[in-house]
Amino acid sequence: MSKEEEFVNLIQENQGLIYKITLVYSNEKEEQDDLYQEIVYQTWKSFDQFKKASKPSTWLYRVGMNTAITHLNKSKKKPLLVSLDHSFMNYSESVDSEKEEKIKWLYAQIRNLNLLDRGIMFLFLEGKSYEEIGQITGISTSNVGTRMSRIKQKLKSEATPKPTKIWN
Amino acid sequence: MELEEMQSLWADLSQKIEKQDKIQKELLMEITKQKFRNKLNGIRLPEIIGSIICYGYAIYFMIRFSELELWYNQLFALLTIAIMIVLPTASLASIKAMRSVKIHGDAPAEMLDKFAKSKIRFWKVQKYGMVLGAVLLITIMPPINELQGTSEMMSRPIFWMLYIPGGLLFMVLFSRWVYNRYKRVILASENMLTELE
């Protein structure tokens, strides 16, 4: 299998993961699309490192989260390089209305957290253990625990889901 | 909403996302190629051109240093050479440090820390650059006029009447702009570091 084919397979297998990272780190559709493209580019750029990585999933989470953090810090409004009219990029339209408000509320709550806590909450929702979260984010397991209890408290203090917008 | 409910909502969402069509190979490769071209265009040309001009002046003063006869012009020339070398070198080094944050190797917590610190360093260099720029405004004129045989111009009051206020006005406006940016960037970066504690 050629490098290009391996890369395409990796992105196709993990496109949902990349998409979820963009949702957690941005609330504007255009910015999410741009971030998606940046993560794809960064993954291609370091694809040789990925092949050597002992834990490929950890590597991909890190690249995605690091790209989101740096990209959003630098980001200024720029025109999109490639138009993404792909169906999963319009996911919100296919969600049934009953759960839509709750999902929007959930995203809004996550985006209210600071950059690192957003990543921790995202990994927690992805079903990662505290140990795995620590390995991916580079903090100790006990620190993950402390941060998670702080996040729980913050989320509990919020009232029931209020209407919010996923993107404009 | 309890965390368990959030997790189940998330799992449901993930499941639905996974069912979506796979992104096409052609589109993926097009994204990658376009991004690559864009990055090549994004090399910081102004900084590079500015540095070449500074180094060029430093070399010019070094080559013609022996032609300076007045002791204070020799001193000014030395100061100018030092600033013209130190300033662009520090600026390029801080930009390089900021751009070399490793997206692919570091953990997010580590990267956030490095990113915030390199941003603070970059703007500190810009702040010192501003002060040195003001010094340069004064030190560069006397030796350059002696070398070009235009010292006479400097003895005319009209020259200083235009040069000093004009130069100062430029420095004040430029400094205010840098200072405002500096304050915002430092604050944002420091907040980022506090979040990690």
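I began with Tyr57(B), which sits in helix 3 of chain B (helices, H or I with at least four residues, and strands, E with at least two, are DSSP runs numbered from the N terminus). The model is predicted: local features need pLDDT of at least 70 and side-chain atom pairs 80 or more, while totals for chains, interfaces and linings use all residues. Residues are numbered from 1 along each chain as its sequence is written, chains are lettered from A and ligands numbered from 1 in the order written, and side-chain values use heavy atoms, without hydrogens and water.

**Entry 1, surface patch.** I looked up the exposure of Tyr57(B): at 35% relative accessibility it counts as partly exposed (buried is under 20% relative accessible area, exposed over 50%, partly exposed in between, with a 1.4 Å probe and protein chains only). Tyr57(B) belongs to a nonpolar surface patch of about 610 Å², together with Leu45(B), Ile48(B), Ile49(B), Ile52(B), Ile53(B) and Leu92(B). Patches take residues with over 30% relative accessible area and no salt bridge, joining like charges within 9 Å and nonpolar side chains (Val, Leu, Ile, Met, Phe, Trp, Tyr) within 5 Å. Areas come from the Shrake-Rupley method with a 1.4 Å probe; for residues, only the protein chains shown count as cover. Helix 3 (residues 45–63) gives the most to this patch, with six residues.

I found eight helices and zero strands in chain B. Of its 197 residues, 40% count as buried.

The axes of helix 6 (residues 115–125) of chain A and helix 1 (residues 3–18) of chain B come within 9 Å and cross at roughly 75°. Axes are lines fitted to C-alpha atoms, for helices over the stretch in contact, with angles from 0 to 180 degrees between N-to-C directions. I noted the two helices as roughly perpendicular (65 to 115 degrees; under 35 is roughly parallel, over 145 roughly antiparallel, the rest oblique).

I counted six salt bridges over all chains (a side-chain nitrogen of Lys or Arg within 4 Å of a carboxyl oxygen of Asp or Glu). In one of them, Arg147(A) pairs with Asp117(A), the closest N and O atoms being 2.7 Å apart. Arg147(A) lies in helix 8 and Asp117(A) in helix 6 of chain A, so the pair ties together parts 30 residues apart in sequence. Arg147(A) is buried at 0% relative accessible area, and Asp117(A) is buried at 8%.
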